[in-house]
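Q: Could you take me through this structure, beginning with the overall layout and then turning to individual residues?

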Amino acid sequence: MSLTRRHMLTGTIGAAALALSAPKPTQADDVVDFLWQRTGRTAMPSDRVRLDMPAEFATGYTVPMDISVDSPMTKTDYVKSLRVFAPKNPLVDVVQLHFVPERSLARISTRIRLAAPQHVVALAEMSDGSLLMTKAWVAVATNGCL
């Protein structure tokens, strides 16, 4: 059997169709994989964790960030810790906060540095050991990390 243009074209189309039909990882999968590598545990996306950041910001030096976790903060149901990651920063771990039940609210407002446009990830560890996460895309025009 000789190799003809028809055989090449048929093989190429078949390979392209197979590649397009294969499931591709989504951004959510990438974030879950990233958190698995950082913590060794699986985090679940949750509406209980809110991360408010501007979608676009002129400079990466002082990007505002507000995070809150919907929790009653009782002795049996509270946020143990809250971590923020910026995967494209030279130092990926941005901040880690610990909370005390019945004496604090799981809420913070601050500014962070970002090296490049990226998803910023917030991870809340709850008192029952579960990990809740959310992310926000932030496009910065200049690098805020040296």
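A: The answers below concern a predicted model, and they begin with the overall layout.

Q: How many helices and strands does the chain have?
A: The chain has two helices and nine strands. Read from the N terminus, the order is α-α-β-β-β-β-β-β-β-β-β.

Q: And how much of the chain counts as buried?
A: Of its 146 residues, 34% count as buried. The accessible surface of the chain is about 9200 Å², and carbon and sulfur atoms account for 57% of that.

Q: Among contacts between residues at least 6 apart in sequence, what share joins residues at least 24 apart?
A: That share is 63%.

Q: Turning to the largest nonpolar core, which residues touch the most other members?
A: The core has 26 residues, and those touching the most other members are Leu51, Met53, Ile67, Val69, Val79, Leu114 and Val120.

Q: Which strands each supply at least two residues of this core?
A: They are β2 (49–52), β4 (63–69), β5 (79–85), β7 (107–112), β8 (118–126) and β9 (131–140).

Q: What does the second core include?
A: The second core is separate and has ten residues, including Val31, Phe34, Leu35 and Met133.

Q: Why would such side chains gather at all?
A: In soluble globular proteins, nonpolar side chains tend to be buried together.

Q: Back to Val69: what is in contact with it, leaving aside neighbours within four places in sequence?
A: With those neighbours set aside, Val69 is in contact with Arg48, Val49, Val79, Leu82, Ala106, Ala124 and Met126.

Q: On to the sheet of three strands. What is its strand order?
A: This open sheet has the order β2-β4-β7, with antiparallel pairing. The edge strands, β2 and β7, each pair on one side only. On average, neighbouring strands are turned by 15° against each other, with direction ignored.

Q: How many bridges join β2 to β4?
A: Four bridges join these two antiparallel strands. Leu51 stands opposite Ile67 in β4, and the partner of Arg50 in that strand is Ser68.

Q: Which residues of β2 are on its covered face, and which on its uncovered one?
A: Val49 and Leu51 make up the covered face, while Arg50 and Asp52 make up the uncovered one. Leu51 also belongs to the group that touches the most other members of the largest core.

Q: Now Val84. Is it buried or exposed?
A: Val84 counts as buried because its relative accessible area is 1%, and the cut-off for buried is under 20%. Val84 lies in strand β5.

Q: What surrounds Val84, leaving aside neighbours within four places in sequence?
A: Apart from those neighbours, Val84 is in contact with Met65, Ile67, Val92, Asp93, Val94, Val95, Val120 and Val121.

Q: What about Gln118: where is it, and is it buried or exposed?
A: Gln118 is in strand β8 and is buried, at 1% relative accessibility.

Q: What does its side chain reach?
A: The side chain of Gln118 reaches the backbone oxygen of Ala116 at 3.2 Å. Leaving aside neighbours within four places in sequence, Gln118 is in contact with Ala86, Pro87, Lys88, Asn89, Ala136, Trp137 and Val138.

Q: I also wished to ask about backbone angles. What is phi of Met73, and what is phi of Glu102?
A: Phi of Met73 is near 55°, a positive value in a residue other than glycine. For Glu102, also a residue other than glycine, phi is positive as well, near 65°.

Q: Lastly, is Leu91 buried or exposed?
A: Leu91 counts as exposed because its relative accessible area is 68%, and the cut-off for exposed is over 50%. Leu91 is found in the loop between β5 and β6. From C-alpha to C-alpha, Leu91 and Ala115 are 9.6 Å apart, although 24 residues apart in sequence.

How values were computed. Residues are numbered from 1 along each chain as its sequence is written. This is a predicted model: local features need pLDDT of at least 70, side-chain atom pairs count only at pLDDT 80 or more; totals for chains, interfaces and linings use all residues. Side-chain values use heavy atoms; hydrogens and water are left out. A nonpolar core is a set of buried Ala, Val, Leu, Ile, Met, Phe, Trp, Tyr and Cys residues joined through side-chain atoms within 4.5 Å. Buried means under 20% relative accessible area, exposed over 50%, partly exposed in between (1.4 Å probe, protein chains only). Contact means heavy atoms within 4.5 Å. Accessible areas come from the Shrake-Rupley method with a 1.4 Å probe; for residues, only the protein chains shown count as cover. A polar contact is a pair of N or O atoms within 3.5 Å; within protein, one must be able to donate a hydrogen and the other to accept it, and residues adjacent in sequence count only if both atoms are side-chain atoms. Two strands pair if DSSP finds at least two bridges between them. Axes are lines fitted to C-alpha atoms, for helices over the stretch in contact, and angles run from 0 to 180 degrees between N-to-C directions.
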